[in-house]
Amino acid sequence: MTKPSCMPPDNNTRTPRFVAPPNSCDAHCHVFGPHAQFPYAETATYWPPDAGKDALKRVHDKLGIDRAVLVQASCHGRDNRAMMDAIASSNGAYRGVCMADDTFTDNDFQDLHEGGVRGIRFNFVTHLGGAPNLEMMERVLERVKQYGWHLVIHVNAEDIIKYEDFFNRIDMTIVVDHMGRVPTSEGVGQQAYQILLEFMRRESWWVKVCGSERIAIAPPFYDAVPYAQGLVEVAPDRVLWGTDYPHPNIKKHMPNDADLLDLVPLIARDEATQKKILVDNPARLYGFDD
């Protein structure tokens, strides 16, 4: 069985100009395979090139990144083994965000928690299969609250508008991937971005200022900076940063991860805010020890 693939990442990571502070965290990245050891899901819409834990570690070493949050991607579906294997080998430097449904047992969730998982992710974006069954999602969220987990939502701009009322009903911490994938071509006045800003005025909402290469028109992705700046201005204590390595389903401009790290001093102009985004905020949300 085969599936559509996607572009491989740029593994020739250059040395960034920006020097990340100690204990900086890549709060959104993935491990893919290796497929021979951790097969991709038959229900996935794509099977990417392998990019396992060793490749991820090489990128982080080049960037000067010490910690990471591994986010389960749809190519592995609800089989979290590749992610859990990488967390187990990290000597405490990694945490995880799983994918799950209501077929998971209480023991399954307990094992994930003990293995370093601190959140659960649901995809809404159309090219990854569209929104989940909302009733199932609510049942699962009720079950994982006991662990203190948060919800990670992967949405497109139109999903922010369509599911605004649904998200308003969720009584737990919510983290938004990729700045809500709001396209920079639509301007900061677009409805989805304004709703996202309103969400971020609430203490229970967080956002990742990653995915600049997804919302920008072209490299060097500077047109994404005002969107990230606006989110930082509203909630500097609830903003995370990540690479999104190995950048699945990029259609045209595959980034070099150093270029994405070099956006940080443009997004957050002072060292104190940079440290919040890269060190303090992820440490607080994911329970990293100093």
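Student: In which loop does G189 lie?
Tutor: This is a predicted model, in which local features need pLDDT of at least 70 and side-chain atom pairs count only at pLDDT 80 or more, while totals for chains, interfaces and linings use all residues. Residues are numbered from 1 along each chain as its sequence is written, and side-chain values use heavy atoms, with hydrogens and water left out. Helices (H or I, at least four residues) and strands (E, at least two) are DSSP runs numbered from the N terminus. On that basis, G189 lies in the loop between β6 (174-176) and α7 (191-200).

Student: Is G189 buried or exposed?
Tutor: Buried means under 20% relative accessible area, exposed over 50%, and partly exposed in between, with a 1.4 Å probe and protein chains only. G189 has a relative accessible area of 60%, so it is exposed.

Student: How far apart in space are G189 and E233, C-alpha to C-alpha?
Tutor: In sequence, G189 and E233 are 44 residues apart. In space, their C-alpha to C-alpha separation is 16 Å.

Student: Which strands stand at the edges of the sheet?
Tutor: Eight strands form an open sheet in the order β1-β2-β3-β4-β5-β6-β7-β8, with parallel pairing. Two strands pair if DSSP finds at least two bridges between them. Two strands each have a single partner, so one side of each is left without a neighbour in the sheet; these are β1 and β8.

Student: Which residue in β3 stands opposite V69?
Tutor: Strands β2 (residues 67-71) and β3 (residues 94-98) run parallel and are joined by four bridges. In β3, the residue opposite V69 is R95.

Student: Which residues touch the most other members of the largest nonpolar core?
Tutor: A nonpolar core is a set of buried Ala, Val, Leu, Ile, Met, Phe, Trp, Tyr and Cys residues joined through side-chain atoms within 4.5 Å. The largest such core has 94 residues, and those touching the most other members are L70 and F167.

Student: Which residues outside its sequence neighbours is Q274 in contact with?
Tutor: Q274 lies in helix α12 (residues 271-286) and is buried, with a relative accessible area of 8%. Contact means heavy atoms within 4.5 Å. Leaving aside neighbours within four places in sequence, the contacts of Q274 are F18, V264, P265, A268 and R269.

Student: What is omega for the cis peptide bond between P219 and P220?
Tutor: Most peptide bonds are trans. P220 lies in the loop between α8 (212-215) and α9 (225-234). The bond from P219 to P220 is also cis, and its omega is near 0 degrees.

Student: What is the relative accessible area of D244?
Tutor: Phi of D244 is near 70 degrees, a positive value in a residue other than glycine. D244 is in the loop between β8 (239-240) and α10 (257-261). D244 is buried, its relative accessible area being 1%.

Student: What is the relative accessibility of N249?
Tutor: N249 lies in the loop between β8 and α10, with a positive phi near 65 degrees. N249 counts as buried, at a relative accessibility of 14%.
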